[in-house]
Amino acid sequence: MTAIPNDNLTVSPYGVNERDNTFNDPRHRAPLVVGDSASFHAITEKICYVAESPRPPRAWYVAFAVAFVWMNVMGAMIAYLLFTGVGVWGMNRPNMWAFDITNFVFWVGIGHAGTLISAILFLFRQKWRTGINRFAEAMTIFAVCCAGIFPGIHVGRAWFAYWLFPIPNQMGMWPNFFSPLLWDVFAVSTYATVSVLFWYMGMVPDLATFRDRAVTKWRFLLYGIASLGWRGSNRHWHVYEKAYLILAALATPLVLSVHSVVSFDFAVSQVPGWHTTIFPPYFVAGAIFSGFAMVITLAIPARELFGLKDFITMRHLDNMAKIILVTGSLVSYAYLMEWFIAYYSSSPFERFHFMNREFGNMFWAGWIMFSCNAIVPHVFWFKWCRQNKWMLMIICALVNVGMWFERFVIIVTSLSRDFLPSSWHWYYPSYVEVLTLMGSFGLFFTLFLLFCRYLPMVAMAEVKSIM
């Protein structure tokens, strides 16, 4: 990353506009071509206009209203749960886990793509990441916020959730360090902390640009506090780049470790379908798979709605589709390997579990999982599909559906049919669980839409630096 003076001039990695003065219009579609002296100003105007515009597009209001309503629905369901008890869920013996842990694992997985794009691709000096890394990082943080809700309410008495942390309490108790639930607390909290620091550190130069362009006192004050006194001096850039590199190095192993730890919730048990060593790499590949699918799901509407086609180009979408294809192939291999392990182990319990997963009473969930994750993504072998926005949206939506069902199948079908037929019991979700799941999407999109409205969606400083 090269230091750029903080003079509101920006550079695009994708070119410069023809010489004109229509930079304030986010719908200006002329490609940015390297070498034009107006390109720095053009890129600043295009990115800042999204946050500085007095009125966002009407579609933003509609999307925000829908997301906000569903977020409040989730709040109402959580309040009902806390006042009534976990009996409002459909869980039973032996189905002690269901939508709660399914949603937790799903949202933790969604949060992986942002850190991978920002940290790993940064360390490998992949310049194409600069157009998508900022809102991918934001997506990571908002997904972790959604994920963090479910372990807290899963324990039943959420007001005692602080017992999960190794801090003194009134009973002189220490948490059980052999519990995978505690491992999740440490892994996810560490991941969230590093991700927030990494995201905020990268925004400091852009927040200073917002501060310098502020036309109202409150915007100048808020962006001024958030930019931490940034002036774009050589010393500031030197310290900034060093800190950014350190945080990228810290975040990189977390991409692999966090979902590996989450997989230990299952792999360390003796339940058929869970007790396998393939879970850590399988879960990591699946997390990146679903995370990139969500990035594309958000990127395509954002580039259309806010006029960011010069920054989130078809090249970005094509590269992300290729990553989805690679990780989808790994997930497909893991599915087949699970079947092989069950057959090769000669364990009747393992063999029964996988036959029940695909041909039992919940076969529909197993085939939705397999179809969406192991069959549908392979259309990305064709370039025309990777270049078609509608196909990208449809396939990525199906991938996200399939990955949620993957976690549901792993949890529910394994627990409902364990070793003893006398303890078998079917699970049926209650309306509280369904509304809580839908409300978590409301929380996610509410936070994301607020981010799009008030913070820089594209990393201006990084876009400048690669020119």
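Predicted model: local features only at pLDDT ≥ 70, side-chain atom pairs only at ≥ 80, totals over all residues.
Let me begin with a definition: helices are DSSP runs of H or I with at least four residues, strands are runs of E with at least two, and both are numbered from the N terminus.

Residues are numbered from 1 along each chain as its sequence is written, and side-chain values use heavy atoms, with hydrogens and water left out.

Two or more lining residues come from each of α2 (58–84), α9 (279–305) and α15 (431–454). Which of these gives the most to the lining? It is α9, with 5 residues.

Next, the surface. A nonpolar patch is formed by W339, M355, F359, F363, W364 and W367, which together have about 650 Å² of accessible area. Such patches join nonpolar side chains (Val, Leu, Ile, Met, Phe, Trp, Tyr) within 5 Å, or like charges within 9 Å, and their residues have over 30% relative accessible area and no salt bridge. The areas come from the Shrake-Rupley method with a 1.4 Å probe, and for residues only the protein chains shown count as cover. Helices α11 (348–359) and α12 (363–375) each supply at least two residues of the patch, and α12 gives the most, with 3 residues. F363 is found in α12. With 43% relative accessibility, F363 is classed as partly exposed; the scale runs from buried, under 20% relative accessible area, to exposed, over 50%, with partly exposed in between (1.4 Å probe, protein chains only). P348, in helix α11, is exposed because its relative accessibility is 55%.

My third topic is salt bridges, each defined as a side-chain nitrogen of Lys or Arg within 4 Å of a carboxyl oxygen of Asp or Glu. The whole structure contains 13 of them. D318 takes part in one with K322, where the closest N and O atoms are 3.3 Å apart. These two residues are about one helical turn apart, because they stand 4 residues from each other in helix α10 (residues 314–345). Is D318 buried or exposed? D318 has 8% relative accessibility and so counts as buried, whereas K322, at 38%, is partly exposed.

D318 also meets R386 in a salt bridge, at 2.8 Å from N to O. That pair links distant parts of the chain, 68 residues apart, with R386 in helix α13 (residues 383–386) and D318 in helix α10. R386 is buried too, at 10% relative accessibility. A further bridge joins R357 and E338, at 3.4 Å from N to O. This pair again connects distant parts of the chain, 19 residues apart, R357 being in helix α11 and E338 in helix α10. Both are buried: R357 has a relative accessible area of 2%, and E338 is at 4%.

I close with the backbone. Most residues other than glycine have a negative phi, and most peptide bonds are trans. Against that background, the peptide bond from R93 to P94 is cis, with omega near 5°. P94 sits in the loop between α2 and α3 (99–110). R125, not a glycine, has a positive phi of about 55°. R125 is in the loop between α4 (112–123) and α5 (133–154), and at 52% relative accessibility it is exposed. L228 likewise has a positive phi, of about 60°, without being a glycine. The place of L228 is the loop between α7 (217–226) and α8 (234–267), and L228 is exposed at 60% relative accessibility.
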